[in-house]
Amino acid sequence: MEKVLFLDACIREEGSRTKQLCDVYLEEFLKAHPDAEVDHLVLRDGVVKTHTLEKLNERDVYVRAGDWSHPMFDLGKQYRDADYIVIGTPYWDLSFAAILKVYLENIMVADLTFGCNDQGFYGLCKGKMMTYITTGGGVIDGQNFGYDYMKAIAAMTGIDETQCFYAQNLDIVGFDAEAILEEAKEKIRAAF
């Protein structure tokens, strides 16, 4: 059975345009992979916390011992073991919602999700693909730095293939937001 980890960094519980695109993607994915299991991790629900010095010091003790049994590593193990990663986040300030960065700080652990040697970083994750989904009120083209960042994270953790779906200009006067969303949904459907 293939494992899909859906990282839901959509901030709005209701009416999230990004979540609408994610729902279409996951629906199509499950049609193409009927035996897949989706683990939906809603980041806004307090799943992750920022690091403190005390937490980092405690983490370092476990890392040096190679002991991944502490619950602080559960998110990293979940990410490491997923076959597919799907990320949904709004396009904010040329990037993504801050809660996604906090999540990444919790899962990026040397010898758990990536390793390092004299050649550089290498991935320890089994993921086949990372899919990044976002929506923006303004222009995204040419400045999708959140996706660029996530492509680098994917490469560092051993996920070779990435793809991005987005809808832009949703809040610009004169643009039809519903038509733009529908066009993005059709692009997602066509990808399968």
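Helices (H or I, at least four residues) and strands (E, at least two) are DSSP runs, numbered from the N terminus. I worked on a predicted model, where local features need pLDDT of at least 70, side-chain atom pairs count only at pLDDT 80 or more, and totals for chains, interfaces and linings use all residues. Residues are numbered from 1 along each chain as its sequence is written, and side-chain values use heavy atoms, with hydrogens and water left out.

**Entry: Lys151**

I looked up Lys151 and found it in helix H5. Its relative accessibility is 36%, so I noted it as partly exposed. For exposure I use these cut-offs: buried is under 20% relative accessible area, exposed is over 50%, and partly exposed is in between (1.4 Å probe, protein chains only).

**Entry: Thr134**

Next I went to Thr134, in strand S6 (residues 129-135). Is Thr134 buried or exposed? Thr134 is buried, at a relative accessible area of 0%. I then checked its side chain for polar contacts (N or O atoms within 3.5 Å; within protein, one must be able to donate a hydrogen and the other to accept it, and residues adjacent in sequence count only if both atoms are side-chain atoms). A polar atom of the Thr134 side chain sits 2.7 Å from the backbone oxygen of Thr89. The Thr134 side chain also reaches the backbone nitrogen of Tyr91, at 3.0 Å. I listed contacts too, meaning heavy atoms within 4.5 Å. Leaving aside neighbours within four places in sequence, Thr134 touches residues including Thr18, Leu21, Pro90, Ile140 and Phe165.

**Entry: salt bridges**

I searched the whole structure and got 14 salt bridges. The criterion is a side-chain nitrogen of Lys or Arg within 4 Å of a carboxyl oxygen of Asp or Glu. Side chains of opposite charge can pair when their charged atoms come close.

I opened Glu2 and Lys128, whose side chains form a salt bridge at 2.9 Å, N to O. This pair links distant parts of the chain, 126 residues apart: Glu2 is in the segment before strand S1 (3-8), and Lys128 is in the loop between strand S5 (120-123) and S6. Glu2 is partly exposed at 21%. Lys128 is partly exposed at 40%.

Arg44 and Asp8 came next, in a salt bridge at 3.8 Å, N to O. Arg44 lies in the loop between strand S2 (37-42) and helix H2 (53-65) and Asp8 in strand S1, so the pair ties together parts that are 36 residues apart in sequence. Arg44 is partly exposed at 28%, whereas Asp8 is buried at 1%.

I then took Asp83 and Lys126, with their closest N and O atoms 3.7 Å apart in a salt bridge. Asp83 is in the loop between helix H3 (74-81) and strand S3 (84-88), Lys126 in the loop between S5 and S6, and the two are 43 residues apart. Asp83 is buried at 8%. Lys126 is partly exposed at 46%. I also noted a network: salt bridges with shared partners join Glu27, Glu28 and Lys31.

**Entry: helix H3**

Which residues of H3 are buried? They are Leu75, Gly76 and Tyr79. They cover an arc of only 100° around the axis, which puts them on the same side of H3. I take the arc from the directions between the helix axis and the C-beta atoms. Their cover includes S1, S2, S3, helix H4 (98-107), S6 and helix H5 (145-157).
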